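Below are some notes for a colleague who is opening this entry for the first time.

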Amino acid sequence: MLKLTPKEISKRSALTVNPCKTCQPVGAIYAALGVHNCMPHSHGSQGCASYHRTFLTRHFKEPAIASTSSFTEGASVFGGGSNIKTGVKNVFDIYNPDIIAVHTTCLSETIGDDLNAYIQDMDLPEGKIVVHANTPSYVGSHISGFYNMMAGFIRYLSKSTGKSNGKTAIFPGFVNPGDIREMKKIANLMKVPFTMFPDQSGVMDAPMTGDYAMYPKGGTTVTEIVEMGDCKKVLALGELTSEEPANVLERKCKVPYTLIPLPIGIDATDKFVMELSQLSNEEVPYELEEERGQLVDLMLDAHFYFFNKTVAIFGDPDTVLGLTRLVLEMGMIPKYVLTGTPGENFVKLAQELFEQFGVEGCTAKAAGDLLELHQWIKNEKVDLLLGTTYGKQIARAEDIPFIRAGFPVLDRYAHSSFPIVGYKGAMRMVQAIADTLMDRQDKECSDEDFEIVM
Ligand code: SF4
């Protein structure tokens, strides 16, 4: 498996091999699934929608719903106006959502379909809403699709009445439902009244009840999105994911925002907690202090196994930066740090982390692919690989211990239900890293070094 990957790195400018990202509509659908009673709608051909739904369903092990404009040759030549008008009518008639969130695809973008004009021209049933976002997949990644769809909801819906409702809008970034539940737990402990937007908890991790619910209980409501225009502040988590929608809300409704990293690891979680503390004027409760103390204790107890171990981390930009910060806090060296999502800010932020922790010889790259990561590893091996399912072939080819984290994890269960954010999430990651490195030691050590107590 990938055994033939060459060690010599040749310069490539127009070829991606084993991409470390997927296309914009996947993110757009995920954002829309975080809105209550919302049907994501793909304005393009059926193949795109099938792929995006399958991709999400395989990660979450939950049905990811979406309808499609079902382009055929006619729509591709003459435009998809009549397709979307019929599609929207059918979706409201048959599936009865409160809102349809339309995103474009490569095809509808290439022919230049004007979604704004189509939507303005629709005769919608009473109380029903259609919003849209442009998500051409030949630029960006699922991360840009995610924030573009968030910005689309805000552009259409959020309104300022001029009177603050005293709430904070929390933009969680592209994270799993398990992470959102952890963020909500922390915000509740800090007594901050908030709107989480989007909120896929209770949707993409809904419990088995015996009855299928097309629209599970979770998700940000349309009313909450409208009222975000009256929030006193936005806490935008993830510098490379949440800034665009925060900017749009600030421009439209004058709601100021604070942009902080995803709360992965001690320092970033501290920042999140202190921001919440400032918002509520509340002391940090003992429950959070205790969790933090337990995390520090765990890191100290096991630090012999982490110190100076090298790691390659890949995946979505804010997740990778968060995991990089966490492994640095553990005394490890993030030798290679790579995202498939374009944007040189990623490299700048990663290098700032390397400098802050005084590590040298580390490489960071945006818009990279997994062939390149594999070649780096072939040239200088690492002790651990940390990232999405797509790393498993590199791990097997190079015989490197591998931990799955981020999006997507297609070949294991329950990852999306558990957090990597917050002190609890960091404890979970520290445990996974310790277990994996110690398993490897047990596997490779001689009989006389094979210990019961480690
Ligand atoms: S055609 Fe574009 S939008 Fe459709 S699956 Fe391919 S990359 Fe994604």
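1. Domain bounds here come from an automatic or database domain assignment. On that basis the protein is divided into domain 1 (24-157), domain 2 (168-286) and domain 3 (302-448). Residues are numbered from 1 along each chain as its sequence is written. The model is predicted: local features need pLDDT of at least 70, side-chain atom pairs count only at pLDDT 80 or more, and totals for chains, interfaces and linings use all residues.

2. Domain 1 and domain 2 have C-alpha centres 23 Å apart. Between them, 26 residues of domain 1 are in contact with 24 residues of domain 2 (two residues are in contact if their C-beta atoms, placed from the backbone, lie within 7 Å).

3. On the side of domain 1 that touches domain 2, the elements giving two or more residues are helix 1 (24-33) and helix 7 (142-157). Helices are DSSP runs (H or I, at least four residues), numbered from the N terminus. Helix 7 gives the largest share of this side, nine residues. By class, the side has 19 nonpolar, four polar and three charged residues. Ala, Val, Leu, Ile, Met, Phe, Trp, Tyr, Cys and Pro count as nonpolar, Asp, Glu, Lys and Arg as charged, and the others, Gly among them, as polar.

4. Helix 14 (residues 317-329) packs with helix 15 (residues 345-357) at an angle of about 5°, and their axes are 10 Å apart. Axes are lines fitted to C-alpha atoms, for helices over the stretch in contact, and angles run from 0 to 180 degrees between N-to-C directions. Helix 14 is therefore roughly parallel to helix 15 (angles under 35 degrees count as roughly parallel).

5. Helix 14 makes this contact through Pro317, Leu321, Thr324, Arg325 and Leu328, and helix 15 through Phe346, Leu349, Ala350, Leu353 and Phe357. By class, the contact has eight nonpolar, one polar and one charged residues.

Definitions and conventions:
Parallel < 35°, antiparallel > 145°, perpendicular 65-115°, else oblique.
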